[in-house]
Amino acid sequence: MDPNDIAVRYDQVARWWQSQHQDSPYGIAQLEQAIKFTSKRHSALDLECGSSGRFINILSKHGFQAEGLDISGAMINLAKHLHPEITFYREDICCWIPPKPYSFISAWDSTFHLPLNKQEPVMKKLCDALEPNGVLLFTCGGGHTISEISGAFQGQGFEYSTLGVDAFLEILTKNHCTCRHLEYDQYPENHVYIIAQRT
Ligand SMILES: C[S@@+](CC[C@H](N)C(=O)[O-])C[C@H]1O[C@@H](n2cnc3c(N)ncnc32)[C@H](O)[C@@H]1O
């Protein structure tokens, strides 16, 4: 699915997303675990941050200068309203050029919406945007094969893609990052989170 079509769909659910996720513990233990690997706490980016700012709250609490990025204008406007002090980018991650190195990047349940042919270039972009020893937390579909699936919530249809876990690990290695943790955290759901660190 084209990222602009994804944006239109997330615009429709942005308010619902905020009410559901503003105080949600979903992914927070994994975020806290990833933060433990950091040695420096300069800038942090919550990629495809949505409207709740829940990761941004935790990153700020840990002393990072947190920023958010999302392609949906409605998501970004709601997040800005909650966090007026934070820099938000309304951008498609496929086209965005990181303006600085980051100590930490989170991409929780977000890059799985990318078209298959954008998965590797975006992962490379994220690895390149880390400062030395910088940490990346991201989720992906598990298994060892490329796959695409469709799903729906709140009346909107969405598409998801994965390269398979082995391919993501290879991309990390190729781009000077090493895997620190990999877990099927919702087993038997095919949901994986990976913590990687720039070498
Ligand atoms: C499932 S939501 C997750 C939001 C947030 N990470 C969270 O866990 O609360 C996926 C988000 O990714 C954003 N997104 C999808 N494709 C994107 C792209 N190409 N560039 C930037 N953001 C994108 C959507 O607008 C949406 O806010």
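The shell around the ligand is made up of eleven nonpolar, three polar and six charged residues; here Ala, Val, Leu, Ile, Met, Phe, Trp, Tyr, Cys and Pro count as nonpolar, Asp, Glu, Lys and Arg as charged, and the others, Gly among them, as polar. This is a predicted model, in which local features need pLDDT of at least 70 and side-chain atom pairs count only at pLDDT 80 or more, while totals for chains, interfaces and linings use all residues. Residues are numbered from 1 along each chain as its sequence is written, and side-chain values use heavy atoms, with hydrogens and water left out.

Among the 20 residues around the ligand, E48, R54, D70, D92 and W108 come nearest; a residue is near a molecule if one of its heavy atoms lies within 4 Å of it. Some of these residues make polar contacts, that is, pairs of N or O atoms within 3.5 Å. A nitrogen atom of the ligand lies 2.8 Å from a backbone N or O atom of E48, and a nitrogen atom of the ligand is 2.9 Å from a polar backbone atom of W108. In D70, a side-chain N or O atom is 2.6 Å from an oxygen atom of the ligand.

The protein covers 98% of the 610 Å² of accessible area that the ligand has on its own, as given by the Shrake-Rupley method with a 1.4 Å probe. The elements giving two or more residues to the shell are α1 (3-21) and β2 (65-70). Helices (H or I, at least four residues) and strands (E, at least two) are DSSP runs, numbered from the N terminus. With four residues, α1 gives the most to this shell.

Technical notes. A polar contact is a pair of N or O atoms within 3.5 Å; within protein, one must be able to donate a hydrogen and the other to accept it, and residues adjacent in sequence count only if both atoms are side-chain atoms.
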